[in-house]
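Good morning, colleagues. Please have the display open while I speak, as I shall refer to it throughout.

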Amino acid sequence: MTEAAALPGQPRGGVLSGPATARAVNVLAPNASAMTLDGTNTWIVAEPDSDLAVVIDPGPLDDGHLKNVIAVAEKAGRRIALTLLTHGHPDHAEGAGRFAELTGTKVRALDPALRLGDEGLAAGDVVTTGGLELRVVPTPGHTADSLSFHLPADQAVLTGDTVLGRGTTVVAHPDGRLGDYLDTLRRLRSLTVDDGVHTVLPGHGPVLEDAQGAVEFYLAHRAHRLAQVETAVEDGHTTSAAVVAHVYADVDRSLWPAAELSVLAQLDYLREHGLI
Ligand SMILES: [Zn+2]
């Protein structure tokens with residue numbers, strides 16, 4: 001879910017559909033919109049010499065797409081052994097039940113309501129399927145249940161909607177909280193600085209090869225928006241709708257409902273910190 005589809009000064013993306021790193025292949029879902037950019041990225045991740053693959057975010061409930069994901073894996077000689085979810089928004093998770101039925105896999109997610117099978121996902125978990133190593137990184141903020149997956153062998157991180165290939169993400173108030181999101185961005189920055197991650201494999205939009213630049217851009221963008229919202233309130237724009245019209249005047253109106261969720265999250269944050 002995007003808040004702004006494209007912004008000046010943003011790192012430019014690379015690969016959209018197909019192989020992105022040695023271990024990750026994107027199959028783009030046919031659900032393009034202002035909110036989902038080119039559509040949802042469904043990631044197939046596997047060790048190069050393994051016949052087992054993990055799928056992250058099967059995407060919307062679209063049989064053609066789900067079967068296409070399976071066909072792409074099979075064409076590479078792989079069987080899908082596990083399904084993971086970055087979070088519960090329908091454009092990522094709605095097809096998970098049907099996909100699990102088609103592949104005979106379990107579904108692991110942070111939110112117990114999204115799981116199929118008895119295994120969840122939590123901070124510090126390491127998924128090891130067919131020799132693959134995916135480290136679970138809690139990244140709340142877009143939603144409370146948002147996770148990212150660190151793929152150390154490719155110096156990459158799969159971010160779901162936490163960092164997008166283009167534009168910026170919504171802090172989906174009231175479930176998403178700005179304080180959590182800022183902590184998450186700092187956590188991701190530390191992955192780039194301390195753990196050598198340089199590639200972002202996002203849930204929408206193209207792959208980003210400058211992960212640190214992308215995270216720094218997001219942090220700067222959030223600080224800029226927060227300052228704008230604070231000023232707008234001080235100038236007498238007291239309702240969230242008035243703040244959106246004032247602060248998001250540069251953003252396409254079709255994205256204003258999403259922007260309003262981010263504004264509500266920002267107003268909460270400013271109140272909690274005694275700034276308004
Ligand atoms: Zn989302």
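I shall go through the strands, the helices that accompany them, and a few backbone particulars. Please bear in mind that this is a predicted model.

Six strands make up an open sheet, in the order 2-3-4-5-6-7, and the pairing is mixed. At its edges are strand 2, residues 18-19, and strand 7, residues 107-108, each of which pairs on one side only. Within this sheet, strand 5 (residues 52-56) and strand 6 (residues 79-84) run parallel and are joined by five bridges.

Helix 3, residues 96-103, lies across strand 5, strand 6 and strand 7. Relative to strand 6, helix 3 runs at about 155 degrees.

L37 is not a glycine, yet its phi is positive, at about 55 degrees. Where does L37 lie? The residue is found in the loop between strand 3 and strand 4. Is L37 buried or exposed? Its relative accessibility is 8%, and therefore L37 counts as buried, the cut-off being under 20%.

I turn now to strand 10, residues 147-151. In strand 10, five of its five residues are buried. The burial extends to both faces: L147, F149 and L151 are covered on one side, and S148 and H150 on the other.

Which strands are joined to strand 10 by bridges? Strand 9, residues 134-138, runs antiparallel to strand 10 and is joined to it by four bridges. Strand 11, residues 156-160, is also antiparallel to strand 10, with three bridges joining the two.

Strand 10 and strand 11 form a hairpin with four residues between them. In the turn we find Q155, a residue other than glycine whose phi is positive, at about 50 degrees. Q155 has a relative accessible area of 38% and is therefore partly exposed, since that class lies between 20% and 50%.

Next, a helix pair. Helix 6 (residues 240-247) and helix 7 (residues 256-272) have axes that come within 9 Å and cross at roughly 110 degrees. The two helices are therefore roughly perpendicular to each other, and their crossing is right-handed. Which residues make the contact? Helix 6 contributes S240, A241, V243, V244 and A245, while helix 7 contributes W256, A259, E260, V263, L264 and L267. By class, the contact comprises nine nonpolar residues, one polar and one charged.

Finally, I draw attention to a peptide bond. H173 and P174 are joined by a cis peptide bond, with omega at about 5 degrees. P174 is located in the loop between strand 12 (168-169) and helix 4 (178-194).

That concludes my presentation; thank you for your attention.

Note on methods: Residues numbered from 1 in each chain as written. Predicted model: local features only at pLDDT ≥ 70, side-chain atom pairs only at ≥ 80, totals over all residues. Heavy atoms only, no water. Pairing = 2+ DSSP bridges. Contact = heavy atoms within 4.5 Å. Axes fitted to C-alpha atoms, helices over the stretch in contact; angles between N-to-C directions. Parallel < 35°, antiparallel > 145°, perpendicular 65-115°, else oblique. Left-handed = near helix turned anticlockwise from the far one by under 90°. Nonpolar A, V, L, I, M, F, W, Y, C, P; charged D, E, K, R; others polar. Buried < 20%, exposed > 50% of the residue type's maximum accessible area, 1.4 Å probe, protein only.
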